[in-house]
Amino acid sequence: MARSRLTPERESELYAAVLDLLGEVGYEALTMDAVAARTRSSKATLYRQWGSKAELVVKALRNDKPVHLGDVDTGSLRGDFLAVVTRTDDCQMEKNSALLRGLSHAVHDNPDLFQALRDLLIEPEMTGLGSMLQRAVDRGEVRPDNPALPYVPHMMIGAFAARELVDCQPVDQAFLTDYVDSVVFPALGI
């Protein structure tokens, strides 16, 4: 039996409900029953559309991203980074960081969540960041043999992870802009 497609509006409504529930109860306590009740849909429909809780949660996170890194091309690496940083307001950035922090704990006990995060969120973003960096190399902004190139993802993830631990403050646009200008670009020779 072919699965029926949801309208984009209904899919967005479901994803928003999943993220709200995730923020309220965390991944471990999130159930397909709760999602079904919140969205006035059947559990069978949810499993037919997404297959698993992990896939539903990660696709909801992916859908919530205002920009995909591979789609950004302003003509300069600095412009690309600034375009990415400024497309998410500080409030949403704080909410997203909290959700991802919660999921980072859940992946240790949930290999299906870990795999879904890798396949549906991390790998596409790594590919997009790689494309963004390759365009900078192609434009001559970054030397192709720059030893920092493979570590840009680590630097960016570190910014998110360390901001709250070190400064007891959430990540925001001002911090990310300053971090990229002060850490990432100097490492890339820009």
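Contact here means heavy atoms within 4.5 Å. The model is a predicted one, with local features needing pLDDT of at least 70 and side-chain atom pairs counted only at pLDDT 80 or more, while totals for chains, interfaces and linings use all residues. Residues are numbered from 1 along each chain as its sequence is written, and side-chain values use heavy atoms, with hydrogens and water left out.

First, the overall picture. The protein chain has 9 helices and 0 strands, where helices (H or I, at least four residues) and strands (E, at least two) are DSSP runs numbered from the N terminus. Taken along the principal axes, its C-alpha atoms fill a box of roughly 55 × 40 × 30 Å. Of the 190 residues, 41% count as buried; that label means under 20% relative accessible area, with exposed set at over 50% and partly exposed in between (1.4 Å probe, protein chains only). Among contacts with a separation of 6 or more, residues 24 or more positions apart account for 67%.

Next come the helix pairs. Two packed helices are described by the angle between their axes and the distance between the axes. Axes are lines fitted to C-alpha atoms, for helices over the stretch in contact, and angles run from 0 to 180 degrees between N-to-C directions. Helix α4 (residues 53-64) packs on helix α6 (residues 90-106) at about 160 degrees, with the axes 12 Å apart. On the α4 side, Val57, Leu61 and Asp64 take part, and they meet Gln92, Asn96, Leu99, Leu100 and Leu103 of α6. Sorted by class, that contact has 5 nonpolar, 2 polar and 1 charged residues; Ala, Val, Leu, Ile, Met, Phe, Trp, Tyr, Cys and Pro count as nonpolar, Asp, Glu, Lys and Arg as charged, and the others, Gly among them, as polar.

Leaving aside neighbours within four places in sequence, Leu100 is in contact with Leu61 and Leu121. Its C-alpha atom is separated by 9.9 Å from that of Gly23, 77 residues apart along the chain.

Helix α5 (residues 77-86) pairs with helix α7 (residues 111-138) at about 155 degrees, and here the axes are 9 Å apart. This pair, too, is therefore roughly antiparallel. Leu77, Asp80, Phe81 and Val84 in α5 meet Leu129, Met132, Leu133, Arg135 and Ala136 in α7. These residues split into 7 nonpolar, no polar and 2 charged. As for cover, 7 of the 10 residues of α5 are buried, including Gly79, Ala83 and Val85. The buried residues of α5 pack against α6, α7, α8 (152-167) and α9 (173-188).

Finally, the annotated stretch. UniProt, in an unreviewed entry, lists residues 31-50 as "DNA-binding region"; positions follow the numbering used here, feature names are shortened, and annotations may be inferred rather than shown by experiment. In the model the span is 80% helix and 0% strand, and its end C-alpha atoms lie 13 Å apart. Thr39 lies in helix α2 (residues 32-39) and is buried, with a relative accessible area of 2%. Not counting residues up to four places away in sequence, Thr39 touches Arg10, Leu14 and Ala17.

Terms used:
Angles under 35 degrees count as roughly parallel, over 145 as roughly antiparallel, 65 to 115 as roughly perpendicular and the rest as oblique.
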